[in-house]
Amino acid sequence: MSQTAIARSWVEHANGHRDFPLQNLPLGIFSRPGEAPRCGVAIGDAILDLEAVLAAGLFEGQAKAAVEATQGGALNAFFALGAPARVALRERLLELLGEHSEHQAALAEALYPASACQMHLPAKVGDYTDFYVGIQHATNVGKLFRPDNPLLPNYKYVPIGYHGRASTLRPSGTEVRRPKGQTLPAGHTVPTFGPCARLDYELELGIWIGQGNAMGQAIDIAEAGEHLAGLCLLNDWSARDIQAWEYQPLGPFLSKSFITTLSPWVVTVEALAPFRRAQPARPQGDPQPLEYLLDAKDQAHGAFDIELEVLLLTQRMREQGLPAHRLALSNTLNMYWTVAQLIAHHSVNGCQLQPGDLFGSGTLSGPDAGSYGSLLEVTEGGKHPVELASGEVRKFLEDGDEVILRARCTRDGVASIGFGECRGTVVAAN
């Protein structure tokens, strides 16, 4: 069933919804007060309880098996089933939630206001890898940390990544406790210990792995896209002063591991199909990917056209009733490597990927200041503070600041879909 085959839902507030019209149907784990977490589907401003629909006998065949695999408050087993289960569930949900559904009365009882529900992480994440595929971000940060050699020569050959900390992944809305750590103040030769003074956000895409691979068996680039379950938003909070002291020679450690915030809905590969694009051509003179990373189909159809937005809301702005300040507007087309290339590279040495593993894309900055995905870039390391309507300025984040990430897919003739918000408010260090 195509993206436009059913234009409207009987759930009226879903029609024309900014994020969750009928054409999206993202999956997530939610709970109501006093009840266990379970799988739901976002539809407009509501959540459809899939376990309740299952109990009503409205699923059968592969769709039924798909819902059964979501039981237990995590999507790992569902991800492991791969595309056939996702497609079967999606087609049945389009029937059930379409405007001509015969089951509106039964479904209405399983439909809850999203505002009355709590969202959880979609899966139990065994491993989390953060990549570095935003070449503009890599160049900008390199100029600040290594002005003589901003973009290292391996960048255009290797999808750079590091192993992140899965234990501190948290859903949107979780407070961001300012971290403590070692820093080396300017002009000093001995580090000091204390709260981070240069706290930052990073605008990233979260990539959910579906079917995994056996240890020792690489995933071929031509098949790597089949191992993608869906996408979300990801804020890779960063302590820049801690990072500057610790990152050489082995890269980020405590500067990144204190919290990573995710938007809670998994927007599936099938919902994103109308927004696939050709991978942007590499600049003249850049090397072509090595053979194990190069596939004609992936180059022709492996990129995503997703608009990304960063907003800042300070405590004073809230008190004055001011709207959030837009810090950046970027796009996933700024990715130097495709998602399939990340999957193929991660497994090429025999590394085992498992259902529910998570990748971060790396900060997805665009080519100009209005599209930079971190304050480090926007303020050039604090040299040029951001001026806000409240009269405040920001070099880096202060306690009480809330960062909001949003994403939206648009295309002429196709219903727009979104990802929901990825929010986090900074609170003082312990």
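1. A salt bridge here is a side-chain nitrogen of Lys or Arg within 4 Å of a carboxyl oxygen of Asp or Glu. Under that rule this predicted model has a count of 21 salt bridges.

2. R394 takes part in two of the pairs. With E392, the closest N and O atoms are 3.1 Å apart; with D401, the corresponding separation is 2.7 Å. Both E392 and R394 are buried. The relative accessibility of R394 is 3%, and D401, at 0%, counts as buried as well.

3. E421 and R406 also meet through their side chains in a salt bridge, at 2.8 Å from N to O. E421 sits in the loop between β26 (414-418) and β27 (422-427), while R406 belongs to strand β25 (residues 402-411), so the pair ties together parts that are 15 residues apart in sequence. E421 is partly exposed, with a relative accessible area of 26%. R406 is likewise partly exposed, at 25% relative accessibility.

4. There is also a network: D200, E202, D236, R240 and K256 are joined into one by salt bridges that share partners.

5. Where is the nearest opposite charge to D298, a residue that is buried yet has no salt bridge? The side chain in question is that of R276, 5.2 Å away, whereas the salt-bridge cut-off is 4 Å. The side chain of D298 does make a polar contact, at 2.7 Å, with the side chain of T338. D298 is placed in helix α9 (residues 296-301). Residues up to four places away in sequence aside, D298 touches I221, A303, T338, A340 and Q341.

6. S361 lies in the loop between β22 (358-360) and α12. A polar atom of the S361 side chain is 2.9 Å from the backbone nitrogen of L205. Beyond neighbours within four places in sequence, the contacts of S361 are D130, F131, Y132, V133, E204, L205 and M335.

7. Which residues of helix α2 (residues 61-68) are buried? They are A63, A66 and V67. Viewed down the axis of α2, the buried residues fall within an arc of 95 degrees, so they line one face of the helix. These buried residues pack against α1 (50-55), α3 (76-81) and α4 (83-97).

8. Helix α4 passes a simple length check. Its 15 residues, at 1.5 Å a residue, should span 21 Å, and the end C-alpha atoms are 21 Å apart, which agrees. Buried residues of α4 include the leucines L89, L93, L94, L96 and L97. A85 and A88 are buried too, as are the arginines R86 and R90.

9. Most residues other than glycine have a negative phi, and most peptide bonds are trans. Q248 and P249 are joined by a cis peptide bond, with omega about 10 degrees. P249 is placed in the loop between α7 (240-246) and β16 (260-262).

10. Two residues other than glycine have a positive phi to note. For L25, phi is near 60 degrees; this residue is in the segment before β1 (27-31). L25 is buried, with a relative accessible area of 4%. For E380, phi is about 50 degrees, and the residue lies in the loop between α12 (375-378) and β23 (386-387). E380 is partly exposed, its relative accessible area being 40%.

11. The last point concerns P191, in the loop between β10 (180-183) and β11 (192-195). P191 is partly exposed, with a relative accessible area of 29%. P191 and I242 are 51 residues apart in sequence, and their C-alpha atoms are 10.0 Å apart in space. Not counting residues up to four places away in sequence, P191 touches Q182, T183, L184 and W245.

Notes:
Residues numbered from 1 in each chain as written. Predicted model: local features only at pLDDT ≥ 70, side-chain atom pairs only at ≥ 80, totals over all residues. Heavy atoms only, no water. Helix = DSSP H or I, 4+ residues; strand = E, 2+ residues; numbered from the N terminus. Buried < 20%, exposed > 50% of the residue type's maximum accessible area, 1.4 Å probe, protein only. Lys, Arg positive; Asp, Glu negative; His and termini not counted. Polar contact = N/O pair within 3.5 Å; in protein donor to acceptor, adjacent residues only side chain to side chain. Contact = heavy atoms within 4.5 Å. Arc of directions from axis to C-beta. Expected span 1.5 Å × (residues − 1).
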